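Open the structure in your viewer and keep the selection panel at hand. The stops below can be followed in order.

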Amino acid sequence: QEQLVESGGGSVQAGGSLRLSCAASGRLFSDKAMGWFRQAPGSWREFVATISSDGGAKYYDDSVKGRFTVSRDNAKNTVSLQMNSLKPEDPAVYYCAATRNGGYGYTARVPSQYDVWGQGTQVTVSS
């Protein structure tokens, strides 16, 4: 069964760092783009970052650009999101996801382009 499991969430003070990890199992994710999204209470699920299957293409939402870094290790079937300089507007449940389609250089920024989602991990930032 296809599965994504996030870990690494928690509570941190503003300006601090967290590293989220996503472990994939059940199918070959190395040929799929992966993404991170977040959803705060009462808000839509929003795009955070995406990375192509080979890791060569990465895109970020403007709100996290320069602070967050997405990476992947296909040998270990993991994707990570390093979050630095966390701000009070960053708290949310963070989700990793795998795209429905794939291919060299392919990335996706829209939730509907993803068909496998993790259960989410909570990130809290205190000021």
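Select strands β1 and β3 (residues 18-25): they run antiparallel and are joined by 5 bridges. The model you are looking at is predicted. Within this pair, pick Ser7, which stands opposite Ser21 in β3.

Now widen the selection to the whole sheet. The sheet is open and has 4 strands, in the order β1-β3-β8-β7, with antiparallel pairing. Its edge strands are β1 (3-7) and β7 (68-73), each of which pairs on one side only. From one strand to the next, the twist averages 15°. As background, strands of a sheet pair through backbone hydrogen bonds, and the pairing can be parallel or antiparallel.

Which residues of β7 lie on its covered face, and which on its uncovered one? Phe68, Val70 and Arg72 make up the covered face, while Thr69, Ser71 and Asp73 make up the uncovered one.

The hairpin of β7 and β8 has 4 residues between the strands. Select Asn77 in this hairpin: Asn77 takes a positive phi near 55°.

Leave the sheet and select Glu46, which is in strand β5 (residues 46-51). Is Glu46 buried, partly exposed or exposed? Its relative accessible area is 38%, so Glu46 counts as partly exposed, a class that lies between the cut-offs of 20% and 50%. Leaving aside neighbours within four places in sequence, Glu46 is in contact with Phe37 and Arg38. Show the side chains of Glu46 and Arg38 to find a polar contact between them, at 2.6 Å. For a distance across the model, pick the C-alpha atoms of Glu46 and Ser126: they are separated by 21 Å, and the two residues are 80 residues apart along the chain.

The last stop is Thr107, in the loop between β9 (92-102) and β10 (114-117). Why does Thr107 count as buried? Its relative accessibility is 18%, and buried means under 20%, so Thr107 falls in that class. To see what surrounds Thr107, select Ala33, Thr50, Ile51, Ser52, Ala57 and Tyr59: Thr107 touches these residues, not counting those up to four places away in sequence.

Notes: Residues are numbered from 1 along each chain as its sequence is written. This is a predicted model: local features need pLDDT of at least 70, side-chain atom pairs count only at pLDDT 80 or more; totals for chains, interfaces and linings use all residues. Side-chain values use heavy atoms; hydrogens and water are left out. Helices (H or I, at least four residues) and strands (E, at least two) are DSSP runs, numbered from the N terminus. Buried means under 20% relative accessible area, exposed over 50%, partly exposed in between (1.4 Å probe, protein chains only). Contact means heavy atoms within 4.5 Å. A polar contact is a pair of N or O atoms within 3.5 Å; within protein, one must be able to donate a hydrogen and the other to accept it, and residues adjacent in sequence count only if both atoms are side-chain atoms. Two strands pair if DSSP finds at least two bridges between them. Axes are lines fitted to C-alpha atoms, for helices over the stretch in contact, and angles run from 0 to 180 degrees between N-to-C directions.
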